[in-house]
Amino acid sequence: MMAEREYVVSLHNHQDLTSFYGDMETPGGNLYIPNRAVPVHARRPISRNTHYLLTEQEAETIRHDPRVAAVELSLKEQGAEYRPCWTQISSFWNKSSQLSNTSVYPNWGLLRCTNGSQIPNWGSDGVVNQSATIKTTSSGQGVDVVVIDGHMDPEHPEFSRSVSGIGESRVNQFNWLSLTPLVDRGAAGTYQYAPYVDPTYADADGDGISDRTFDNDHGCHVAGIVAGNTQGWARDSIIYNISPYRTSPSYVEHFMDYVRVWHSTKSIEPYNGIKRPTIVNLSAGIYREVNITNITQVAYRGVVNSGPFTSNQLQGYGIYNADGFAQVPLRYPAAEIDIQEAMAAGVIVVGAAGNDHSKISLPSSDPADDYNNYFVDNTNGLQYSYYNRGTVTSAPGVITVGSVGATAIERKATYSNCGPRVDVYAPGTYITSSINSDSAGSVTDRRNTAFYQNKYSGTSVSAPQVAGVLACLAETWPNMTQVQALEYITLHAKQNQITATTGGPADFTDLQGSYNRYLCYVKERPESGQVYPKVNQGNRKATGMLYPRPKIYRYGR
């Protein structure tokens, strides 16, 4: 006689549980049920799964019942358990500015944000390498990430399902223009991704690399941090990509409408009855370049000042400039409405704060508040620019991310925007990730020497650290809203770990009123054992009354 073992029988529908219980647990039954009363090992009445003691032959028979989705040995019987989704061991968690052809330097933000505290003297000006093993218990399984940035080559080994870099890519090159009839009632088209490296394209900024190649390298780098299989967080997520740049062969300005429609038309997953979560990373902003000699007036904290102005005077007013030009971030209500509607539809949006060395203030009606600082320039007639309001990534509700530097004493990165509108800071200096091209400072990816890695710095690479952590969280909390995502990130961030200075606009390590929050990855699952789906979805209040209130027992009552 064959031995009985613990099997988990899974049904397609909850409605069939009662009839199935009756057939299994009484003598006799239909064609696919054993002709005996089958012992129940564990009943889970709110689940479509029930544990029975069966022989292998009985299990095979039950698999043919049309009510049954699966019959598999329990994890215990298989000798399996839930373990961290990925473990990474490295002797080269490296904070220097350089890569090496002889060593693999992973994204040091992975170690810092899982560790939760600074390692003494680890920094670009101290001990640049650390040896450590990190473990996570989530990897973005069942989650879609959308990188709104330049295009990554899906064949890059960083985006393979296997850490070996061999096999199927997780990049889904969705045809966004197929949604044009739903987005703006136009004709459907074909969205183009390639070429990823294009030396024939213009180099308008004169940096020696074509603008299309640079934009695509930027997007590839960001995607690697969000979801790369050695440099990223959400290593089992599916990666989507739409470019906001005019270098894209299929440029569309209202890219967020496409993302919203796509998310809204996702089907419900049969295995869990919910829609796959969407996490968006936007490491781009809208800027205008102004020659400082054209600035005729500055209104700073309620006082109007007349030009001409020196570079240092403008910096004292909080207008960062270099080589005679100021890069001015612009708010763009049309784009912000698109973002807000996407968030309302269930899309989670993370944005880079920007690299303007500047303060981003919260809305205020007080003329003396920095939010109302502006300057006037005569570049194209008189133009008024409010320069302490950030760009589209500062739209209400967006999770806005600043950058931390790589020095041993952790400070805000000098280039990073700051101020009360920045929600959280994350590692963003000398971060290793994937790129498409062979460019200055790059090294070949050891798994395929046709592809490359490089170190970049900027809030563009700190934002995807947050997006990656949220993609891991969405694996456990798939119904998370934008509000809950922001609450979670700020609630679990480590407080007051960034050494702040107080020198004002001309002091580039002054937080200028932003919260001192450092991104932290929290293991929502234990390193072994099953806890999905998470029962206590949502964030527990840190203050105020909590419901339901626990009953308090006192002696003598």
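Reader: In which order do the strands of the open sheet of four strands lie?

Author: In this predicted model, the open sheet runs in the order 12-11-15-16, and its pairing is antiparallel. Strand 12 (303-306) and strand 16 (383-386) form the edges, each pairing on one side only. On average, neighbouring strands of the sheet are turned by 20° against each other, direction ignored.

Reader: How many bridges join strand 15 to strand 16?

Author: Strand 15 (residues 374-377) and strand 16 run antiparallel and are joined by four bridges.

Reader: Which residues does a salt bridge connect to Asp-377, and is Asp-377 buried or exposed?

Author: A salt bridge is counted when a side-chain nitrogen of Lys or Arg lies within 4 Å of a carboxyl oxygen of Asp or Glu. By this rule there are 20 salt bridges. Asp-377 forms one with Arg-288, with the closest N and O atoms 2.8 Å apart. Asp-377 belongs to strand 15 and Arg-288 to strand 10 (residues 287-291), so the pair ties together parts 89 residues apart in sequence. Asp-377 is buried, at 0% relative accessibility, and Arg-288 is buried as well, at 15%.

Reader: Where in the chain are Asp-144 and Arg-276?

Author: Asp-144 is in strand 7 (residues 144-148), whereas Arg-276 is in the loop between helix 7 (255-264) and strand 9 (278-282); this pair links distant parts of the chain, 132 residues apart. Their salt bridge has its closest N and O atoms 2.9 Å apart. Buried means under 20% relative accessible area; Asp-144, at 2%, therefore counts as buried, and so does Arg-276, at 18%.

Reader: Is Arg-63, the partner of Glu-60, buried or partly exposed?

Author: Arg-63 is partly exposed, with a relative accessible area of 32%, and Glu-60 is partly exposed at 40%. The closest N and O atoms of this salt bridge are 3.0 Å apart.

Reader: Turning to the backbone, where are cis peptide bonds found?

Author: One is read from omega, about 5° for the bond between Ala-194 and Pro-195. Pro-195 lies in the loop between helix 5 (180-183) and helix 6 (211-227). Another joins Gly-307 and Pro-308, also with omega of about 5°, and Pro-308 lies in the loop between strand 12 and helix 8 (311-316).

Reader: What is the phi of Arg-301, and where does Arg-301 lie?

Author: Phi of Arg-301 is near 50°, a positive value in a residue other than glycine. Arg-301 lies in the loop between strand 11 (295-300) and strand 12, and is partly exposed at 39% relative accessibility.

Technical notes:
Residues are numbered from 1 along each chain as its sequence is written. This is a predicted model: local features need pLDDT of at least 70, side-chain atom pairs count only at pLDDT 80 or more; totals for chains, interfaces and linings use all residues. Side-chain values use heavy atoms; hydrogens and water are left out. Two strands pair if DSSP finds at least two bridges between them. Helices (H or I, at least four residues) and strands (E, at least two) are DSSP runs, numbered from the N terminus. Axes are lines fitted to C-alpha atoms, for helices over the stretch in contact, and angles run from 0 to 180 degrees between N-to-C directions. Buried means under 20% relative accessible area, exposed over 50%, partly exposed in between (1.4 Å probe, protein chains only).
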